[in-house]
Amino acid sequence: MLLSLHALGGSPNHIVFGTWRAAALTLSDPSVSLLRRLAPPRGYSPDFLTPGSGGDLEAAVDAVLSVGRRRLRSELALLAARGHTAPWMRQLTEGESEAMHRLGSAIRRYHERLLARPWPRIRKVIEEERVLRARDLLDAGVEHMLNSIHPTARWEPPVLRVDYPVHQDMVLNGRGLLLIPSYFCWGRPITLRDPELNPVLVYPANRGLRLLTEGAGTAQRAALARLLGRTRAAVLEEIAASNDATGGQLARRLGISAASASEHAATMRDANLIISQRVANSVRHSLSPLGQALLEGRRPEEEPSVGQAPPGKAG
């Protein structure tokens with residue numbers, strides 16, 4: 001999400017993000033302008049916005065909102081020193097509940113409006129990258145994997161050197177280095193500013209330059225949204241991406257209420273677009289053949305083209 005905000009401030013003709021950026025900037029949504037003040041396209045962005053916690057969107061939001069006041073003051077002061085400030089940011093600096101609530105709502109809203117629909121494609125790119133790195137590790141060892149994560153990275157034992165805009169040393173002192181592939185990371189790997197935080201290296205994952213929407217798929221998904229409604233279409237795409245999602249997971253990933261996720265799932269189950277199965281105390285949803293065909297834009301009796309992976313599954 002942070003790096004997608006950087007992409008919003010990038011070139012309008014960007015080879016990958018240009019079309020998505022143009023569509024996103026047409027949205028008159030206060031969440032976009034609020035978050036862009038915290039994440040300028042160049043230079044410093046507060047580290048507390050990227051907590052590094054695992055889990056879903058709500059877990060990440062909780063981690064952001066639970067940051068201590070001392071850290072808020074320190075990191076927002078660095079941002080203000082670079083000319084990025086606003087009255088509500090001063091309230092945020094003090095950890096005022098209204099400002100923190102506003103930030104959490106903006107994060108959820110931003111995800112819902114700008115990232116929920118392309119999320120299956122983003123996840124597919126990331127999962128493919130993880131498979132490639134795991135294969136490098138298993139086939140040729142950790143040295144080969146570190147040398148292959150990006151052209152600017154090179155393993156010179158015992159140091160991993162990465163070309164970077166500023167000189168910065170990250171000393172692990174026995175801590176592990178978390179490698180995070182990112183769809184919106186562009187150009188070169190990046191890391192956090194504060195060396196005391198858990199060490200991470202975020203690196204570009206989208207080496208195939210795959211767009212968030214592609215050619216005919218753009219018109220097809222727009223038609224799907226008109227047919228089902230935008231939220232219901234997003235629910236269908238999320239079920240395709242996970243292929244075993246619970247109602248609670250759908251709600252968290254799409255930023256909607258659990259009741260809304262359950263209602264949409266029930267409607268699509270009644271229309272034979274998904275299959276729902278109760279497992280222990282949860283209900284898990286997967287695409288039916290009809291739902292798969294609808295999402296792929298083909299007739300139900302047709303088979304996918306040779307070499308074409310179903311939506312949401314790594315090829």
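This briefing describes the fold, the backbone exceptions, the salt bridges and a surface patch of one protein. The model is predicted. The protein has 315 residues, of which 40% count as buried, and its secondary structure comprises 14 helices and seven strands.

**Overall architecture**
- Of the contacts between residues at least 6 apart in sequence, 60% join residues at least 24 apart.
- The protein exposes about 16,700 Å², and carbon and sulfur atoms supply 53% of that area.

**Backbone exceptions**
- Most residues other than glycine have a negative phi, and most peptide bonds are trans.
- Pro157 and Pro158 are joined by a cis peptide bond, with omega at about 5°. Pro158 belongs to the loop between strand S1 (153-156) and strand S2 (159-162).
- Asn173 has a positive phi, near 50°. This residue is found in the loop between S2 and S3, and Asn173 is exposed because its relative accessible area is 68%, above the 50% cut-off.
- Asn272 also has a positive phi, near 65°, and is found in the loop between helix H13 (258-270) and strand S6 (274-279). With a relative accessible area of 46%, Asn272 is partly exposed.

**Salt bridges**
- The count of salt bridges in the model comes to 14.
- In helix H5 (residues 69-81), Glu75 and Arg71 lie four residues apart, about one turn of the helix. They form a salt bridge in which the closest N and O atoms are 2.7 Å apart. Glu75 is buried, at 5% relative accessible area, whereas Arg71 is partly exposed, at 28%.
- Helix H8 (residues 119-140) contains Arg130 and Glu127, three residues apart, and these two form a salt bridge with the closest N and O atoms 3.7 Å apart. Glu127 counts as partly exposed, at 42% relative accessibility.
- Glu129 and Arg133 are separated by about one helical turn because they are four residues apart in helix H8. Their side chains meet in a salt bridge of 2.6 Å, N to O, and both residues are buried.
- Arg154, Glu156, Arg161 and Asp163 are linked in a network of salt bridges.

**Nonpolar surface patch**
- Ile15, Trp186 and Leu209 form a nonpolar patch on the surface, and together they have about 300 Å² of accessible area.
- Trp186 lies in the loop between strand S3 (178-182) and strand S4 (200-204).
- Trp186 counts as partly exposed because its relative accessibility is 41%, a value that also meets the patch requirement of over 30%.

Key
Residues are numbered from 1 along each chain as its sequence is written. This is a predicted model: local features need pLDDT of at least 70, side-chain atom pairs count only at pLDDT 80 or more; totals for chains, interfaces and linings use all residues. Side-chain values use heavy atoms; hydrogens and water are left out. Patches are made of residues with over 30% relative accessible area and no salt bridge: like charges are joined within 9 Å, nonpolar side chains (Val, Leu, Ile, Met, Phe, Trp, Tyr) within 5 Å. Accessible areas come from the Shrake-Rupley method with a 1.4 Å probe; for residues, only the protein chains shown count as cover. A salt bridge is a side-chain nitrogen of Lys or Arg within 4 Å of a carboxyl oxygen of Asp or Glu. Helices (H or I, at least four residues) and strands (E, at least two) are DSSP runs, numbered from the N terminus. Buried means under 20% relative accessible area, exposed over 50%, partly exposed in between (1.4 Å probe, protein chains only). Contact means heavy atoms within 4.5 Å.
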